[in-house]
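This briefing sets out selected features of the structure shown below. It is arranged by topic for reading alongside the sequence.

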Amino acid sequence: MATKNRKRAEQIVERDGSDCWLCGEPMDFKAEANSDGAWSVEHLLSKDTEGRDRLENLVLCHPPCNKRLRNLTLTEKVQLRDEVRRRRWAAKVADMLAAA
């Protein structure tokens, strides 16, 4: 990725950690660009709705997660994030109970 994006990604990781904003799974910073485990920059307030390229408006997501967030409002993005993480948590709990 471009040096500007890499620098922004480093700043976002310092602020938020290295997990995907949507699914919460780790990102592979050595993965091929646009592969499922790679990273991409997502605008919380989309550029279409006057969201700016400011650090406060940027998060890191896997490319497939980024695509799911495209064109959603901030409220819809947060609701989707909560839903995705709730399902992920429920699946982990079910696996733990099944293994017990």
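A search of the whole structure, a predicted model, finds 0 disulfides, a disulfide being a pair of cysteine sulfur atoms within 2.5 Å. C20 takes part in no disulfide, and the nearest cysteine sulfur, that of C65, is 3.7 Å away. The sulfur of C61 lies 4.3 Å from the closest cysteine sulfur, in C20, which is too far for a bond.

Because the model is predicted, local features need pLDDT of at least 70 and side-chain atom pairs count only at pLDDT 80 or more, while totals for chains, interfaces and linings use all residues. Residues are numbered from 1 along each chain as its sequence is written, and side-chain values use heavy atoms, with hydrogens and water left out.

**Cysteines and the nonpolar core**

- C20 is buried, at 0% relative accessibility; buried means under 20% relative accessible area, exposed over 50%, and partly exposed in between (1.4 Å probe, protein chains only).
- C61 is likewise buried, with a relative accessibility of 0%.
- The largest nonpolar core has 18 residues, of which C20, W21, L22, L60 and C61 touch the most other members; such a core is a set of buried Ala, Val, Leu, Ile, Met, Phe, Trp, Tyr and Cys residues joined through side-chain atoms within 4.5 Å.
- Two or more residues of this core come from each of α1 (3–16), β2 (58–61), α2 (63–69) and α3 (74–99); helices (H or I, at least four residues) and strands (E, at least two) are DSSP runs, numbered from the N terminus.
- The element that gives the most to this core is β2, with 4 residues.
- In soluble globular proteins, nonpolar side chains tend to be buried together.
- Beyond its neighbours within four places in sequence, W21 is in contact with L44, V59, L60, C61, L69, K77, V78, R81 and R85, where contact means heavy atoms within 4.5 Å.

**Helix α1**

- The 14 residues of α1 should span 20 Å at 1.5 Å a residue, and the end C-alpha atoms are 20 Å apart, which agrees; the expected span is 1.5 Å times one less than the number of residues.
- R8, A9 and I12 are the residues named as buried in α1.
- They cover an arc of only 105 degrees around the axis, which puts them on the same side of α1; the arc is that of the directions from the helix axis to the C-beta atoms.
- An α-helix has 3.6 residues a turn, so residues three or four places apart point the same way.
- What covers the buried residues of α1 includes β2.
- Exposed residues T3, K7, E10 and E14 sit on the face of α1 turned away from its buried side.

**Helix α3**

- At 1.5 Å a residue, the 26 residues of α3 should span 38 Å, and this agrees with the 38 Å between its end C-alpha atoms.
- K77, L80 and V84 are the buried residues of α3, and the buried residues of this helix pack against β1 and α2.

**The S40–N66 pair**

- S40 is found in strand β1, and N66 is in helix α2.
- S40 counts as buried at 9% relative accessibility, and N66 counts as buried at 9%.
- The side chains of S40 and N66 make a polar contact of 2.9 Å; a polar contact is a pair of N or O atoms within 3.5 Å, and within protein one must be able to donate a hydrogen and the other to accept it, with residues adjacent in sequence counting only if both atoms are side-chain atoms.
- Not counting residues up to four places away in sequence, S40 touches V59, L60, C61, H62, P63 and N66.
- With neighbours within four places in sequence left aside, N66 is in contact with S40, V41, E42 and C61.

**Loop residues**

- N34 lies in the loop between α1 and β1 (40–43) and has a phi near 70 degrees, a positive value in a residue other than glycine.
- N34 counts as exposed, at 59% relative accessibility.
- E50, in the loop between β1 and β2, has a positive phi of about 70 degrees although it is not a glycine.
- The relative accessible area of E50 is 71%, so E50 is exposed.
- K47 is also found in the loop between β1 and β2 and counts as exposed at 52% relative accessibility.
- The C-alpha atoms of K47 and N71 are separated by 9.3 Å, these residues being 24 residues apart along the chain.
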